[in-house]
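Subject: Structure for your review

Dear colleague,

Please find the structure below, together with its sequence.

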Amino acid sequence: MGIKSFQGPRAKVDVKKEYNAPILVSDYMTKKLITFKPDQSILEVMEQFTKYNISGGPVMDDNGFLVGIISEADCMKQISESRYFNQPILDKSVEKFMTKEVETIPHDISIFDAAGIFDKHNRRRLPVMQDGILVGQISRKDIVVAALKLTGHSW
């Protein structure tokens with residue numbers, strides 16, 4: 001009896017899966033932010049830093065626009081001044097100590113580009129903007145976490 005038709009084992013078609021890992025800043029940024037006001041007391045800010053275990057945050061005006069950023073380093077200026085003049089930490093406003101020239105990044109850049117910005121400007125956190133509005137904040141730690149989540153195939 002003869003073999004009528006023999007094709008052998010079918011070859012497996014290699015379907016290359018496209019890797020669509022999230023790599024944008026908006027995928028890893030913190031969206032629920034603790035914000036501060038320019039007229040807020042520096043003591044209140046330090047209390048908020050401790051309460052929420054944060055090291056800085058955006059300063060917003062009454063209209064919701066970003067006007068600065070306050071950090072632990074900015075608070076150190078107040079602590080240092082108080083010690084120098086042998087006075088208790090005064091109830092001074094955030095506006096006096098905040099960084100007013102704030103570098104921001106757009107929400108739709110990659111974490112790799114953001115890493116380059118962090119490296120170039122030596123910042124710990126950057127406000128993330130979309131159409132001139134603050135939509136989040138990304139930190140160096142967020143970038144490290146994002147890089148760890150990506151596999152070697154997506155680099």
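To begin with two aromatic residues, Phe-36 and Phe-49 are both buried. Please note that the model is a predicted one. A search of the whole structure returns one aromatic pair. Its members are Phe-36 and Phe-49, whose ring centres lie 5.7 Å apart with the planes at 90 degrees, so the pair is classed as edge-to-face. The two residues are 13 positions apart and join distant parts of the chain: Phe-36 belongs to the loop between helix 1 and helix 2, whereas Phe-49 is in helix 2.

Ile-42 is part of helix 2, which covers residues 42-52. Ile-42 has a relative accessibility of 0% and therefore counts as buried. All five of the five residues of strand 1 (residues 56-60) are buried, so strand 1 is largely enclosed by the rest of the structure. Strand 1 pairs with strand 2 (residues 66-71) in the antiparallel sense, over five bridges. In this pairing, Gly-56 stands opposite Ser-71 of strand 2. The hairpin formed by strand 1 and strand 2 has five residues between the strands, and Gly-64 takes a positive phi near 85 degrees there.

Finally, there is a helix packing to report. Two packed helices are described by the angle between their axes and the distance between the axes. For helix 5 (residues 111-121) and helix 6 (residues 140-149), the axes come within 10 Å and cross at roughly 140 degrees. The crossing of helix 5 and helix 6 is left-handed. On the side of helix 5, the contact is made by Ile-111, Ala-114, Ala-115 and Phe-118, and on the side of helix 6 by Arg-140, Ile-143, Ala-146 and Ala-147. Sorted by class, the contact of helix 5 with helix 6 comprises seven nonpolar residues, no polar residues and one charged residue.

Yours sincerely

Notes: Residues numbered from 1 in each chain as written. Predicted model: local features only at pLDDT ≥ 70, side-chain atom pairs only at ≥ 80, totals over all residues. Heavy atoms only, no water. Helix = DSSP H or I, 4+ residues; strand = E, 2+ residues; numbered from the N terminus. Buried < 20%, exposed > 50% of the residue type's maximum accessible area, 1.4 Å probe, protein only. Axes fitted to C-alpha atoms, helices over the stretch in contact; angles between N-to-C directions. Left-handed = near helix turned anticlockwise from the far one by under 90°. Contact = heavy atoms within 4.5 Å. Nonpolar A, V, L, I, M, F, W, Y, C, P; charged D, E, K, R; others polar. Phe/Tyr/Trp six-rings, centres within 6.5 Å; stacked < 30°, edge-to-face > 60°. Pairing = 2+ DSSP bridges.
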